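Trainee: I have a model open and would like to learn how to read it. Could you take me through it feature by feature?

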Amino acid sequence: MKRYYVMGLFSNFEEAFATIAEIRNHAVPGVSVDDVTLKSPIEHPEIEEVLGDRGSPIPKFTLFGAIFGMCFGFLFLASAQATFLVQPQGGKAVIPLPSNIVLTYELLILFGVLSTVIGFLISARLFTRRHPLYSEKVSLDQIGILLELDEKNVNPIKELFGKHKVLEIREEVSQ
Amino acid sequence: MQTKDIDENIAWAKINADVLRSMENPRMGYWIAVVCCLAMVSCAVVAEIYQYQTGLGPANLTWSQMWGLYIATFVFWIGMSHSGTLLSAILHIIHADWRKPIYRFAEAMTTFSLMTAGLFPIIHLGRVWNMYWVLPYVSDRGIWPNFRSPLSWDAFAITTYLTSSAMFLFIGMIPDLAICRDNARGWRQKLYTVLSLGWQGDDRQWRNFRRIYLLMACFLIPLAVSVHSIVSADFAMSIMPGWHVTTFPPYFVAGALYSGCAAIITLFIILRYFFRFEEYMTIPILEKTCKLTFAIAMVWTYLNLIEFAATWYGHDMVAKELLYWKFTGPYAPYFWMMLFLGSVMPFTLAVEKLRRHLPTMFVVSLFLNLGMWLERWMIVGPTLSQNYEPFAWSIVWPSMVQWAIVFGSFGWFGLLFLVFVKVFPSVSMYEVKEMVFHRRTAHRPDLAVSLHRRAEDPQPGSTPSTKGV
């Protein structure tokens, strides 16, 4: 079944958000706000109020990385220090907690950061091919609304875009 | 007189054009600076080759004076690295949006300062080929590094800080790298295509981008504090007079923030001139940076006084004698200069007329950093010259080899920085656009309301529509 991609470029957030508001209010039956991808040069501070809260799994990656770093750090140090058992310790602890806490803290942060970055790369879907409808104007000063549609909804969406002073409409058909 | 941080009527397209242009045609001064930095690095390379071939003797490093300028300068560069964290992470968390045009180069400063700092322990070793012994790596005799030593803590802390700050710098640049990708040609386009990681500016990417930026800022602040606390532990964990001081960690952190802020002022003025960034690196933003620097300078002064008082009223006679000796002995001119530059000179930052005068601020910021560098030397030098063991008492002035390597480190930092600002955008385009956008809408509440609260708009928190209705 053919899928149609339509992207409208708007000069400002006002018109783009008004268009999304109409989509949310079912101006085009069969098209919902969940089909909308908004492309913009900046992140609008209230975008979640327009598109709905779509969430981000990055904090889970961060938590996992930090806990892993803490456990790994302490166990790594402790296991390395355990080899000191064969050496005279002069009454000092084989696994000294105060100094290990310092190093564990550093490894907690290191693995927390690395895991957060990995989480970002995965959740933001980077490393994917640019969408054929990607426009350089989106990184300049225009706001893009990209929709994946059935054929019957293409024209109503174009009309909706036109009502909100769209600057340019781009289309792509995929098999 | 310019009073706004930025002209909120700047068009977004102009922001892109101005920043992208800066990467193509800097002023002639830029190239002169590059040549000067190369010359400075050459001095250091020659000195290091000489020291490498001859041993540490020509550096005047002896058994008692084993650290010298190398470790003092190492501490200085670590301190300098705190600027990026302060400006980027702390001010990001407290929503101080005036940081936006200047945080990128401050973050770059952090990374390059750490890369410069990391060279000094290696140079100081003499046997540079054994530097990896400090890493958590088991030797062929089954012996691990001593994890109780603050020197091995340094290796962990600096590695973590360098990795995290480089990631923070890179992640923060991704949207701008996409802009560069869309506008560049030739090798630059290839480079930016790879580095922008396929950024397309869609809502999913922005949402996750904001989340990671905040999380990394939250990680970096305690990390920065821990790094300089750990560096202070190199001294404070010993029982040497003048070093075994409880206030050393906050004293080091305050000194680090101070020197970092002073360096931001210096580079602010340089970049503003080289790349014609008058519209972005504005006088009101410089003023705010100066006020911040002044506040931190006063904290540093207070901590200095606390340290003197703690020593003076303490029972350690050798530490007291050392403090007296710092004020009156052979190091006294440098010690007094440090106090003057670090505590008195910042009062120029409190005078509005001077704060708005770029040449004055440029000179003042250089002097502040000289003061901060002297601070580190005054921590290392006097204690090693006069401590508990009279047989070790000696005044050993740094040799030309040490001076050349220290001098060259400034060239190395400058060179890395200059290459960075030529290849990558030194002003964050998307953040400046956000700043302009927010200020524009903040000044027009009617527009803000019409943007986000149309009658037909869903109310915040309402359930999104479902697909297929």
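Predicted model: local features only at pLDDT ≥ 70, side-chain atom pairs only at ≥ 80, totals over all residues.

Trainee: How many residues does the contact take from chain A and from chain B?

Mentor: Chain A gives 63 residues and chain B gives 59 residues. Helices (H or I, at least four residues) and strands (E, at least two) are DSSP runs, numbered from the N terminus. On the side of chain A that touches chain B, at least two residues each come from helix 1 (13-24), strand 2 (36-39), helix 2 (47-51), helix 3 (58-82) and helix 4 (97-123) of chain A. Helix 4 of chain A gives the most to that side, with 14 residues.

Trainee: What is a nonpolar core, and which residues have the most contacts inside the largest one?

Mentor: A nonpolar core is a set of buried Ala, Val, Leu, Ile, Met, Phe, Trp, Tyr and Cys residues joined through C-beta atoms within 7 Å. A residue is buried if 20 or more other C-beta atoms lie within 10 Å of its own, exposed if 12 or fewer, and partly exposed in between, with C-beta atoms placed from the backbone. The largest core here has 150 residues, and those with the most contacts inside it include Ile102(B), Met109(B) and Tyr258(B). Helix 10 (residues 248-274) of chain B gives the most to this core, with 18 residues. A second, separate core of 27 residues includes Phe13(A), Leu38(A), Ile143(A) and Leu160(A).

Trainee: Why does Glu49(A) count as partly exposed?

Mentor: Glu49(A), which is found in helix 2 of chain A, counts as partly exposed because it has 18 C-beta neighbours inside 10 Å.

Trainee: And how do I read strand pairing?

Mentor: Two strands pair if DSSP finds at least two bridges between them. Strand 1 (residues 3-10) of chain A pairs in the antiparallel sense with strand 4 (residues 168-174) of chain A over seven bridges, and Tyr4(A) stands opposite Val173(A) in strand 4. Seven bridges also join strand 1 of chain A to strand 3 (residues 143-149) of chain A, again running antiparallel; there Phe10(A) stands opposite Ile143(A).

Definitions and conventions. Residues numbered from 1 in each chain as written. Chains lettered and ligands numbered in written order. Contact = placed C-beta atoms within 7 Å.
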